[in-house]
Amino acid sequence: MGDLKQHSLIKAQERLRDQVGHALRAALIAGELRPGSVYSAPGLAAELGVSATPVREAMLDLAREGLVEPVRNKGFRITEVSERDLDQYTELRTMIEVPTIGRITKIATPEQLEALRPIAEEIVTSAREHNLIGYLEADRRFHLSLLALAGNDRLVETVGDLRKRSRLYGLTGLDEAGKLVSSAEEHIELLDLMLTGDAEAAEACMTRHLGHVRSLWAQGRDEPVGRTPGRLGSTALGSAG
């Protein structure tokens, strides 16, 4: 029985770490945690109403994704991504994803592509409902699941890493300005084009979509987020889900 209790405790700790990680990602997306700023685990824990341990563990998870970096004896710094970095990430994604979309259009079955439609619709719904975490999560699942149809696991991993490192900044401002829905609807347009078997049109749509995403990054840096930097505000665990 002692082993079972220990197992249950570990599972509970893992769930709390995941909840904290979810809240911190929401704060990053909303612009409440600012690039270049350093945050301590105890300070963030106090705002989230939890102990410092799950916060520290969650921040280490974010560090492995390149979203933050440890600062000795101080905490974690939110990593900054330069315009040059974003341009290079976009170039790499274009080089990888556009021809892959063309190839998938030629080899994927209608059933495989239609299976992704609920995710594409979820992206649009999340954008319309201002669910930013849901938007990004569904967007990630759609793109990586679509690329997985090419049968190259390393390619999917590479694109997944590029997506993490080029996350959107200040997405709240863009959402409030109504600029996410049109980008979200491009996922359904892409799927429809692929179902027609028109590889050239699908590649053109994917190129345009990545260009729009890069434009959103640029606007996200300029848009005010409408919240006080450094405060988690509505990102507390009680409202993070």
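Predicted model: local features only at pLDDT ≥ 70, side-chain atom pairs only at ≥ 80, totals over all residues.
The largest one has 32 residues. If you want to find it on the screen, look for Ile 101, Phe 142, Leu 146, Leu 190 and Met 194, the residues with the most contacts inside that core. Which elements give two or more residues to it? We have α4 (83-107), α6 (117-128), α7 (132-148), α8 (153-165), α10 (181-196) and α11 (199-222). The largest share, 7 residues, is the contribution of α7.

If we leave out residues up to four places away in sequence, Ile 101 touches Leu 146, Leu 147, Leu 190, Met 194, Ala 202, Glu 203 and Met 206. And there's another core, lying apart from the largest one: it has 20 residues, including Ala 41, Leu 48, Val 55 and Val 68.

Next up, a pair of helices. α2 covers residues 41-48 and α3 covers residues 52-64, and the two pack at an angle of about 115° with their axes 8 Å apart. Their crossing is right-handed. Who makes the contact? On the α2 side, that's Ala 41, Pro 42, Leu 44, Ala 45 and Leu 48, and on the α3 side, Ala 52, Val 55, Arg 56 and Met 59. Sorted by class, that contact of α2 with α3 has 8 nonpolar residues, no polar ones and 1 charged one.

On to the sheet. It's an open sheet of 3 strands, in the order β1-β3-β2, with antiparallel pairing. As a bit of background, strands of a sheet pair through backbone hydrogen bonds, either parallel or antiparallel.

Strand by strand, then. β1 and β3, which is residues 75-78, pair in the antiparallel sense over 2 bridges. Val 38 has Arg 77 of β3 as its bridge partner. And remember α3? That helix packs on the sheet, where it touches β2 and β3, and its direction makes about 120° with that of β2. As for β2 and β3, they run antiparallel and are joined by 4 bridges. Pro 70, for instance, has Phe 76 in β3 as its bridge partner.

What about the turn in that hairpin? There are 3 residues between the strands β2 and β3. Asn 73 lies in that loop, and it has a positive phi of about 65° although it isn't a glycine. Asn 73 is also exposed, with a relative accessible area of 77%.

One more residue of that kind before I stop: His 130 isn't a glycine either, and its phi is positive, near 60°. You'll find His 130 in the loop between α6 and α7.

Note on methods: Residues numbered from 1 in each chain as written. Heavy atoms only, no water. Core = buried A, V, L, I, M, F, W, Y, C linked by side-chain atoms within 4.5 Å. Buried < 20%, exposed > 50% of the residue type's maximum accessible area, 1.4 Å probe, protein only. Contact = heavy atoms within 4.5 Å. Axes fitted to C-alpha atoms, helices over the stretch in contact; angles between N-to-C directions. Left-handed = near helix turned anticlockwise from the far one by under 90°. Nonpolar A, V, L, I, M, F, W, Y, C, P; charged D, E, K, R; others polar. Pairing = 2+ DSSP bridges.
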